[in-house]
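Thanks for coming. I will go through one model today, residue by residue in places, and then look at how its parts pack.

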Amino acid sequence: MPRVLVPLAEGLEELEAVTIIDLLRRGEVEVVTAALGTREVTASHGTVLVADTTLDAVADEPFDMVVLPGGLPGADHLDQDPRVRALLERHHAAGAYTAAICAAPKALASLGLLDERRATHYPGALNAADFPRAELVDAPVVIDGKVVTGRGPGTAMDFALELLELLQGSERRAQVEAGLVRAV
């Protein structure tokens, strides 16, 4: 079973975090949520999420993918946390997937992980002049090699389903998506 780490920071976008966690778990992916601080994390719109564990407890464990939910100031906390930065660098160097949605691609960009790659982000979250080596595009989801980026809360379901397909294949994605009764 694929294993995914979703770090949770104060001020994260709850719609993104919960959608990612829920859809991956529906697709039989082991999702570990890890808080940067205490296990109770208050999201950007006041929802309190309780993480499975803390980042310190799992930072050295193996994962097939690390996924960063966006939201502000959550994405800034992820970008500025030295543990998250080290984890992303280590994960990327190992050739594993890294993924970020909304404002969280800034954590990837600030480490140079978007250099020479196409990526998307929440409008205004990244300035092309600050990251000239990244090709920033207006798309719901962008997959470039082992880096996946998503646009924002409205694309969270598409983003999570793309992640699921990368981890479990198109058949599992289709099964999960059929159960969602999405309008096509």
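Is Lys106 buried or exposed? Before the answer, a caution: this is a predicted model. Lys106 counts as buried, because its relative accessible area is 16% and the cut-off for buried is under 20%. The residue sits in helix H5. Leaving aside neighbours within four places in sequence, Lys106 is in contact with Leu72, Ala75, Asp76, Asp79, Ala125 and Leu126. Two of those contacts, Asp76 and Asp79, are aspartates. His121 is 15 residues from Lys106 along the chain, and their C-alpha atoms are separated by 8.2 Å.

The peptide bond from Leu72 to Pro73 is cis, with omega near 10 degrees. Pro73 itself is placed in the loop between E6 and helix H3, residues 74–80. As background, most residues other than glycine have a negative phi, and most peptide bonds are trans.

Glu116 is not a glycine, yet its phi is positive, near 65 degrees. Glu116 lies in the loop between helix H5, residues 105–110, and strand E8, residues 118–119. With a relative accessible area of 58%, Glu116 is exposed. Val181 also has a positive phi, about 50 degrees, without being a glycine. Val181 belongs to the segment after H7, and at 71% relative accessibility it counts as exposed.

Now the annotation. An unreviewed UniProt entry gives "domain: DJ-1/PfpI" for residues 3–165. In the model that span is 32% helix and 25% strand, and its end C-alpha atoms lie 14 Å apart.

Next, the nonpolar packing. In soluble globular proteins, nonpolar side chains tend to be buried together. Here the largest nonpolar core has 33 residues. The members that touch the most other members are Val4, Val6, Ile20, Leu24, Val67, Phe159 and Leu163. Which elements supply at least two residues each? They are strand E1 (3–8), H1, E2, strand E6 (65–68), strand E7 (97–101), H6 and H7. H6 gives the largest share of this core, 7 residues. A second, separate core has 29 residues, among them Leu88, Ala107, Leu111 and Val147.

Beyond its neighbours within four places in sequence, Leu163 is in contact with Ile20, Leu24, Met65, Val67, Ala99 and Val148.

Helix H6 also packs on H7. Two packed helices are described by the angle between their axes and the distance between the axes. For H6 (residues 156–168) and H7 (residues 170–180), the axes come within 7 Å and cross at roughly 145 degrees. On the H6 side, the contact is made by Met157, Leu161, Glu162, Leu164, Glu165 and Gln168. On the H7 side, it is made by Ser170, Arg172, Arg173, Val176, Glu177 and Leu180. By class, this contact has 5 nonpolar, 2 polar and 5 charged residues.

Met157 turns up again in the surroundings of Thr19. Not counting residues up to four places away in sequence, Thr19 touches Ala156, Met157 and Ala160. Thr19 is in helix H1, residues 14–26, and is buried, at 17% relative accessible area.

Arg39 is in the loop between strand E2 (30–35) and strand E3 (40–42), and is partly exposed, with a relative accessible area of 42%. A polar atom of the Arg39 side chain lies 2.7 Å from the backbone oxygen of Ala51. With residues up to four places away left out, Arg39 touches Leu49, Val50, Ala51, Asp52, Thr53 and Thr54. By contrast, Gly95, 56 residues from Arg39 in sequence, is 29 Å away from it in space, C-alpha to C-alpha.

Thr53 is in strand E5, residues 53–54. Thr53 is buried, with a relative accessible area of 17%. Its contacts, setting aside neighbours within four places in sequence, are Val32, Thr33, Ala34, Ala35, Arg39 and Val58.

That is the tour; I will take questions now.

Conventions
Residues numbered from 1 in each chain as written. Predicted model: local features only at pLDDT ≥ 70, side-chain atom pairs only at ≥ 80, totals over all residues. Heavy atoms only, no water. UniProt positions renumbered as here; feature names shortened; annotations may be inferred. Helix = DSSP H or I, 4+ residues; strand = E, 2+ residues; numbered from the N terminus. Buried < 20%, exposed > 50% of the residue type's maximum accessible area, 1.4 Å probe, protein only. Contact = heavy atoms within 4.5 Å. Axes fitted to C-alpha atoms, helices over the stretch in contact; angles between N-to-C directions. Nonpolar A, V, L, I, M, F, W, Y, C, P; charged D, E, K, R; others polar. Polar contact = N/O pair within 3.5 Å; in protein donor to acceptor, adjacent residues only side chain to side chain. Core = buried A, V, L, I, M, F, W, Y, C linked by side-chain atoms within 4.5 Å.
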